[in-house]
Every structure is written in C-alpha cells, then in structure tokens.
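Please look over the sequence and the structure first.

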Amino acid sequence: MAARVPRQLAFALPHAESLTRDNFLEGPANEAGLALIDSWPEWPNRVMLLVGPEGCGKSHLAAIWAEQAGARSISAHALTAAAVPGALATGALVVEDLRPGDVDERALFHLMNLAREEEAFVLITARDPPSAFEVELRDLRSRLRAVPAVTLLPPDDQLFRALIVKSCADRQLTIDETVVSYLASRIERSYAAVRQTVELLDTEALRLGRPVTRALAAELFRNA
C-alpha cells in the first residue's frame with residue numbers, strides 16, 4: 001500500500017505593508033485624497049472625511065497625514081466620551097472606519113465639538129458618505145453632513161495593475177507580467193478583489209509548494 005503523502009499546511013503568517021508616502025500608489029482614483037493630505041494644515045474645515053471602498057488606501061493616506069501632523073489614531077468603534085480629551089491631546093486625530101451603528105454617537109459629537117473648541121484637526125475615514133448613515137442624534141447628523149468629504153474612486157487600469165504588483169510585493173511574492181495581465185483581465189476591478197486574490201494566491205502557493213505563476217493563477221481563477 002502506498003504511503004500517504006501528508007498535505008502541506010498553509011499558515012497565515014503576518015506580512016508587512018509599508019504605509020509611507022514613498023510606498024503610496026498614486027493615480028487619478030486617489031489624487032483628491034492625496035491633495036487633501038498635502039494641503040494640510042490649509043484645510044477648508046478642522047474636521048475632514050475621507051470616503052472610499054475597502055482597501056482603497058484610506059488608512060494609508062491617514063497614516064501619511066498622522067506622520068505629518070503628529071496625530072494619534074483610534075478606531076471609530078473604540079471611541080468613548082472619556083477617551084476624547086486624551087485622543088485630541090496632540091491637536092490632531094485620525095478616526096478610522098466610521099460605520100453607521102458602530103460608533104458611540106455622543107462620543108463622536110463630543111469629539112467634534114472639542115476639536116472645534118481646541119482648534120484641533122480630525123481626519124475621519126469611512127466607506128460610505130455621512131448622507132448614507134442613519135444617525136439617531138440629530139445634532140450629530142447635521143454636524144456630520146456638514147463635514148467636507150473627499151472621495152477615493154475605483155482604480156483605473158494602470159493603478160489596478162500596480163495594486164496587484166504591490167500586494168504581491170507586500171507578501172514577498174515574486175510575479176511576472178503574465179501573472180499580472182492574467183489577473184487584471186479576470187478579477188473584479190476593485191481594491192478588495194486585489195487583496196482577496198493575492199491572499200488566495202499566497203495561501204495556495206504555500207500549500208502546494210509552488211511559485212506564483214500564470215499556470216497557478218489559471219487553476220484558481222479559470223472561471224472568474
């Protein structure tokens with residue numbers, strides 16, 4: 001009886017993703033967001049909103065701004081009224097991933113009021129504009145809708161291909177142009193799809209003990 005060949009396990013190892021300005025991929029889709037970061041502190045409002053789909057670079061831009069402004073960072077769902085004064089201690093704050101129904105509304109309203117009183121800067125990131133939020137606190141609703149929003153757009157072809165290359169590089173995967181072209185023609189043109197695709201390629205390449213080639217990509221995405 002032939003010996004059973006053990007199936008190689010794929011472990012989800014952490015991978016480094018550089019969030020520096022030099023590592024940011026620029027394109028028409030995100031030029032408005034980059035212009036916002038570069039225009040600080042000459043913002044039209046003390047509180048600004050950066051809106052865009054998952055994986056579009058909101059956190060990367062926020063990290064670039066935080067480095068420039070000496071800003072602290074907090075997840076929107078972790079914001080509490082008691083934490084607001086300390087969060088604004090440096091005069092600049094990033095509030096990440098604001099989602100309707102997943103934030104303490106009174107804490108957010110307190111933050112916006114205190115930022116105005118102390119002339120602090122706040123950069124809020126969100127997947128949807130405030131007009132799409134269901135906010136119970138009326139004063140917060142009107143305040144949020146008055147915040148200027150900068151929207152990041154879906155990637156164009158050049159940025160889409162560059163994102164595939166960068167996502168692979170972040171995972172230390174070596175790919176050639178044939179892989180990039182194959183994936184770019186078959187997967188959904190979205191930031192989230194790039195991240196999910198490269199993660200799958202990485203996992204399967206490790207499990208199978210194979211390099212990431214066009215042949216492997218074709219096996220995984222033949223019907224895409």
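How many cavities of 30 Å³ or more does the structure hold? The structure holds one. This is a predicted model, in which local features need pLDDT of at least 70 and side-chain atom pairs count only at pLDDT 80 or more, while totals for chains, interfaces and linings use all residues. Residues are numbered from 1 along each chain as its sequence is written, and side-chain values use heavy atoms, with hydrogens and water left out.

**Cavity**

- A cavity is a set of points on a 1 Å grid over the protein atoms alone where a 1.4 Å probe fits but cannot get out, and its lining residues have an atom within 4 Å of a point.
- The largest cavity has a volume of about 60 Å³, a volume being the space filled by probe spheres set on the points, which are joined across faces, edges and corners.
- Its lining includes Leu98, Pro100, Phe133 and Leu144.
- Helices α4 (105-118) and α5 (138-145) each supply at least two residues of that lining; helices (H or I, at least four residues) and strands (E, at least two) are DSSP runs, numbered from the N terminus.

**Aromatic pairs**

- The whole structure contains four aromatic pairs, meaning rings of Phe, Tyr and Trp (its six-membered ring) with centres within 6.5 Å; planes under 30 degrees apart count as stacked, over 60 as edge-to-face and the rest as tilted.
- Tryptophan 40 and phenylalanine 121 form an edge-to-face pair, because their ring planes stand at 75°, with the centres 5.7 Å apart.
- This pair joins the loop between α1 (31-39) and β1 (47-51), which holds tryptophan 40, to strand β4 (residues 121-126), which holds phenylalanine 121, across 81 residues.
- Tryptophan 40 is partly exposed at a relative accessible area of 21%, whereas phenylalanine 121 is buried at 11% (buried is under 20%, exposed over 50%, partly exposed in between; 1.4 Å probe, protein chains only).
- Tryptophan 43 and tryptophan 65 are stacked, because their planes lie at 25°, with ring centres 5.2 Å apart.
- Tryptophan 43 is in the loop between α1 and β1, and tryptophan 65 is in helix α2 (residues 58-69), 22 residues apart.
- Both tryptophan 43 and tryptophan 65 are buried.
- One aromatic cluster is formed by Trp40, Trp43, Trp65 and Phe121.

**Aspartate 202**

- Aspartate 202 is part of helix α8 (residues 191-208).
- Leaving out residues up to four places away in sequence, aspartate 202 touches Arg171 and Leu173 (heavy atoms within 4.5 Å).

Key. On a 1 Å grid over the protein atoms alone, a cavity is a set of points where a 1.4 Å probe fits but cannot get out, and a pocket is an open set with protein on both sides within 12 Å along at least five of seven lines; lining residues have an atom within 4 Å of a point.
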